Amino acid sequence: MTTVYFVVPCYNEEEVLPETIKRLTAKLEKLIAAGKASEDSRMLFVDDGSKDKTWSIIEQYSEENRYVGGVKLSRNRGHQNALLSGLMTAKEHCDCVISLDADLQDDIEVLDEFLDKYEEGCEVVYGVRSSRKKDSFFKRSTAQGYYKFMKLLGVDIVYNHADYRLMGSRALDALSEYDEVNLFLRGIVPLIGYRSDYVYYERNERFAGKSKYPLKKMIRFAIDGITSFSVKPLKLISNLGIIICVLSVIGFIYALVSLCMGVAASGWTSTICSIWFLGGLQMLCIGIVGTYVGKIYHEVKHRPRYRIEKTIINDEETESPID
């Protein structure tokens, strides 16, 4: 029988966490009763350096509920690192892991379908939104445009998929071999290969609390995804440079011919506009190159992506020393 772990990253989720634990416990008990999950299955909540009572709630419920486990990071490391820490901790104890958000927006009623596809031989199962009717026009259009743009850049990414997915033990072992610091799991997981499939679901409204991904973080996350998996922006800079050089040569020839023919070559407006345009373009190109250089800087230092302070699994509590 399959031992499955639910990995749930948490950051300041004290408002929603009790309800999340209640619903996931009920669902896990149904899966166990139906013979789709073993008694050793667990829920693993990862506290990503929360400033509220998130970890206290996890500890409290772990004493009352045998299915509840927890991982406490020493400080806030971001959603992707928190998720990775949970996956790497869980892979030592289970056959497969299903990652989902703590806000109850991921429909847990389709968890049966995830496990069915795993039993059919799928090592990776992606949770894909069937529609975005509940999103605002801005969020829907920007999200769909982002996925299409990533595809255009040659990034292998699953359309309308976030981090609601099942990964088997082989896929988790493969994931552990990816050492990059700039994590973008939505782009890394498809690179692993193995047999995969999709489960379609309707995303719910957030049960309580506030979104931990405001517009600023979403933009930063999108830029990380683009620059971590595609060098096409750098190629675009080269192409722009070639085009501008060609246009400059044409402009030089035009100016020279005008001078020989005695035509006035004065044009303050066009000169100022061209200077501002080229100056802005150069700053943009330097910024793009700087983003890639910054990523290289972080990668070559090879610092730990996270540090676990405390782990609670199967009624066993361990503490990790903090350097």
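1. This predicted model holds 14 salt bridges. Side chains of opposite charge can pair when their charged atoms come close.

2. K27 pairs with E109, and their closest N and O atoms are 3.6 Å apart. K27 has a relative accessible area of 7%, so K27 is buried.

3. K36 forms a salt bridge with D112, with 3.8 Å between the closest N and O atoms. This pair also links distant parts of the chain: K36 is in the loop between helix 1 and strand 2 (42–47), D112 is in helix 4, and the two are 76 residues apart. K36 counts as partly exposed, at 25% relative accessibility.

4. K310 forms a salt bridge with E59, the closest N and O atoms lying 3.5 Å apart. Here strand 8 (residues 308–313), which holds K310, is linked to helix 2 (residues 54–64), which holds E59; the two residues are 251 residues apart. K310 is buried at a relative accessible area of 15%, whereas E59 is partly exposed at 23%.

5. The structure holds zero disulfides. C96 is in none, and the nearest cysteine sulfur, that of C94, is 6.4 Å away. C96 is buried, with a relative accessible area of 0%. C10 is buried too, at 1% relative accessibility.

How values were computed: Residues are numbered from 1 along each chain as its sequence is written. This is a predicted model: local features need pLDDT of at least 70, side-chain atom pairs count only at pLDDT 80 or more; totals for chains, interfaces and linings use all residues. Side-chain values use heavy atoms; hydrogens and water are left out. A disulfide is a pair of cysteine sulfur atoms within 2.5 Å. Buried means under 20% relative accessible area, exposed over 50%, partly exposed in between (1.4 Å probe, protein chains only). A salt bridge is a side-chain nitrogen of Lys or Arg within 4 Å of a carboxyl oxygen of Asp or Glu. Helices (H or I, at least four residues) and strands (E, at least two) are DSSP runs, numbered from the N terminus.
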